[in-house]
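The sequence and structure come first.

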Amino acid sequence: MESPSYQTPLRDAPTQTTRSRFPTTIFHKVRENLVFRSKWAELNGAMGDLGTYIPIVLALTLSVDLNLGTTLIFTGIYNMVTGAIYGVPMPVQPMKSIAAVAISNSAEFGVPEIMAAGICTAGILLLLGVTGLMQLVYKLIPLSVVRGIQLSQGLSFAMSAVKYIRKVQDFSKSKSGGDRHWLGLDGLVLAIACACFIIIVNGAGEEDSEREVDDINLGDRERPRRRGLRQIIASLPSAFMVFLLGVILAFIRRPGVVHDFKFGPSSIEVVKISKHAWKEGFIKGTIPQLPLSVLNSVIAVCKLSSDLFPGKDFSATSVSVSVGVMNLVGCWFGAMPCCHGAGGLAGQYKFGGRSGGCVALLGAAKLVLGLVLGSSLVMVLNQFPVGVLGVLLLFAGIELAMASRDMNTKEEAFVMLTCTGVSLMGSSAALGFLCGIAVHLLLKLRNWHKD
């Protein structure tokens, strides 16, 4: 009679094999998500979100004394982790409604209120994610309404970008000054030249698709060694070159800025949040931010990622939980409240970002800068040509707005444009969303009566 001890390993073998393969599977998945599709293209794509990121971070640092070093460290970690998880250039952007309240009312809405607003928003998004309610919302919202939100956000970015280019900006007060001079290290000529350069290199975005088709058609056959002038120009990392030019000009505008550097990370401390700060943060920050986070940071991001990266569909649950966890960790230590955004994803895609390695590279750069220079980096950002940032933001906005071009019927376009118009004129994505849903339901009701 066989001993039972010989049968136990046979029963456990599949379980042990599965357990042993699990870490290896995760490792290969992460490595696949972080691999560069093209080194220069991914580096170029990493610059696509800076037109939004830098102005808001700079404004919060100057107006409410946000800890820039801590923000760079945490957002850098967010970038690297999301890049490894999703395998696409999933952006990490500031929560814009919370930032707008803080910049416009810095005396009464300081760092404790900002962090309270971020934590409350994150908690609600995490709850919606883990309960599955966010996925249900994603399935129920009509595509035409999502496109309306994307179009309004893209046009809003583009209009802000034109304002950056045409007007002198005071980010600490979130106000525009007089007209920008034509000449100078931050003049109109510089911004126009950068915009023309990006258009010549990137066009309307069709060059990447053509090159990919050519590579597929060639297969393993030998590719021609000599490339035409058009292919050479199209391979240039335009956004990276423009951003590098801006950094050089920042040092030229104020050479003594290097003496203001203080090496080493900023001190990371737990933010003390009073009952009053919780109340103010929730009422003034969370309530206006929540609709924008649900619509643009989760719903629109999921839809845009499925459009740009077929086969890589992310659940609204996953994205919602991601935003929640990020802020429930970082906000306690004074890091700027962050979310994912359709505009950042569109901007990074526009300039060549195709993998998680794109945002992981950006995250590594943020982490290094946060650890080495800390908050003293604000001296350089304050001298960065604002017109150049406006150019990067302009193309990110246009790319996001172009996602709405698939509305083929007049009824879909009508709902989309209603949602867009109300969102822009009412300065509220939530109001535009409600109007878009109402119009969509009325049209369905009208068609049902006709039938």
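**Cavities, main pocket and hairpin**

In this predicted model, a search of the whole structure finds two cavities of 30 Å³ or more.

**Second largest cavity**

- The second largest cavity holds about 40 Å³ of space.
- Residues lining the second largest cavity include Gln93, Pro94, Lys96, Gln289, Asn296, Cys339 and His340.
- By class, the lining of this cavity has four nonpolar, six polar and one charged residues.

**Largest pocket**

- The largest pocket contains about 1,100 Å³ of space.
- Its lining is made up of 35 residues, and those closest to the pocket centre are Lys96, Ala100, Gln153, Ser156 and Ser160.
- Elements that each supply at least two lining residues include α3 (50-64), α5 (96-104), β3 and α13 (275-308).
- The most residues, nine, are given by α8.
- The lining of the largest pocket divides into 18 nonpolar, 14 polar and three charged residues.

- Strands β2 (residues 167-170) and β3 (residues 175-179) are paired antiparallel through three bridges.
- Lysine 167 has aspartate 179 in β3 as its bridge partner.
- Four residues lie between the two strands of this hairpin, and serine 174 in the turn has a positive phi of about 55 degrees.

Note on methods:
Residues numbered from 1 in each chain as written. Predicted model: local features only at pLDDT ≥ 70, side-chain atom pairs only at ≥ 80, totals over all residues. Heavy atoms only, no water. Pairing = 2+ DSSP bridges. 1 Å grid on protein atoms, 1.4 Å probe; cavity = no way out; pocket = protein on both sides within 12 Å on 5 of 7 lines; lining within 4 Å. Points joined across faces, edges and corners; volume = space filled by probe spheres on them. Nonpolar A, V, L, I, M, F, W, Y, C, P; charged D, E, K, R; others polar.
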